[in-house]
Amino acid sequence: MAFKKSSSKPSQTTVLKQIVKRCSSLGKKHEQQYDDVPKGHFVVYVGINRTRYIVPISFLSHPEFRRLLQQAEEEFGFDHDMGLTIPCEEQVFESLTSMLR
């Protein structure tokens, strides 16, 4: 009989979903409400000017996008009132996301 090894560590997908949920709720508390975010999408802010982008949740399944989130966590952390901020140039972000669509 085989036993499945249980892990108390949540999966990376679960952690990413929690991050997006936490950052989305922070944005709602501390910023103007936006009605333009469709279901299945979330908002990120990119670059020095913190340009706002609406991206599909499906991007969380792409390793390239996850790397951007890891950079965001290392640079800014996720326990702040600034929304989910991606630390890269807007052109780089736009190029990457156009390839993921």
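This is a predicted model: local features need pLDDT of at least 70, side-chain atom pairs count only at pLDDT 80 or more; totals for chains, interfaces and linings use all residues.
The strands of the model form an open sheet of three, arranged in the order S2-S1-S3 with mixed pairing. Strands S2 and S3, the latter spanning residues 85-86, stand at the edges, and each has a single partner strand, so one side of each is left without a neighbour in the sheet. In general, the strands of a sheet pair through backbone hydrogen bonds, either parallel or antiparallel. The pairing of S1 with S3 is parallel and extends over two bridges. Within this part of the model, tyrosine 45 is placed opposite threonine 85 of S3. Tyrosine 45 also takes part in an arrangement with a charged side chain: the charged end of arginine 50 sits over the tyrosine ring, 4.5 Å from its centre. Helix H3 lies across S1, S2 and S3 and runs at about 15° to S2.

The largest nonpolar core comprises 18 residues, and those with the most contacts inside it are Val44, Val55, Phe65, Ile86 and Phe93. Two or more residues are contributed to this core by each of strand S1 (41-46), strand S2 (51-56), helix H2 (63-76) and helix H3 (90-100). The most is given by H2, with four residues. The surroundings of valine 44 illustrate how separate parts of the chain meet. When neighbours within four places in sequence are set aside, valine 44 is in contact with Thr51, Arg52, Tyr53, Val55, Leu84, Ile86 and Phe93.

Aromatic side chains were examined next. Across the whole structure, a search finds four aromatic pairs. In one of them, the rings of phenylalanine 42 and phenylalanine 65 have centres 6.2 Å apart and planes at 75°; because planes over 60 degrees apart count as edge-to-face, the pair is edge-to-face. This pair links distant parts of the chain, with phenylalanine 42 in strand S1 and phenylalanine 65 in helix H2, 23 residues apart. Phenylalanine 42 and phenylalanine 65 are both buried. They also belong to one aromatic cluster, formed by Phe42, Tyr53, Phe59, Phe65 and Phe93.

A further residue of interest here is glutamine 71, which is also found in helix H2. Glutamine 71 has a relative accessible area of 38% and is therefore partly exposed. Its C-alpha atom is separated by 6.8 Å from that of proline 87, although glutamine 71 and proline 87 are 16 residues apart along the chain.

Methods. Residues are numbered from 1 along each chain as its sequence is written. Side-chain values use heavy atoms; hydrogens and water are left out. A nonpolar core is a set of buried Ala, Val, Leu, Ile, Met, Phe, Trp, Tyr and Cys residues joined through side-chain atoms within 4.5 Å. Buried means under 20% relative accessible area, exposed over 50%, partly exposed in between (1.4 Å probe, protein chains only). Contact means heavy atoms within 4.5 Å. Rings of Phe, Tyr and Trp (its six-membered ring) pair if their centres lie within 6.5 Å; planes under 30 degrees apart count as stacked, over 60 as edge-to-face and the rest as tilted. A charge sits over a ring if NZ of Lys or CZ of Arg is within 6 Å of the ring centre and within 35 degrees of the ring normal. Two strands pair if DSSP finds at least two bridges between them. Axes are lines fitted to C-alpha atoms, for helices over the stretch in contact, and angles run from 0 to 180 degrees between N-to-C directions.
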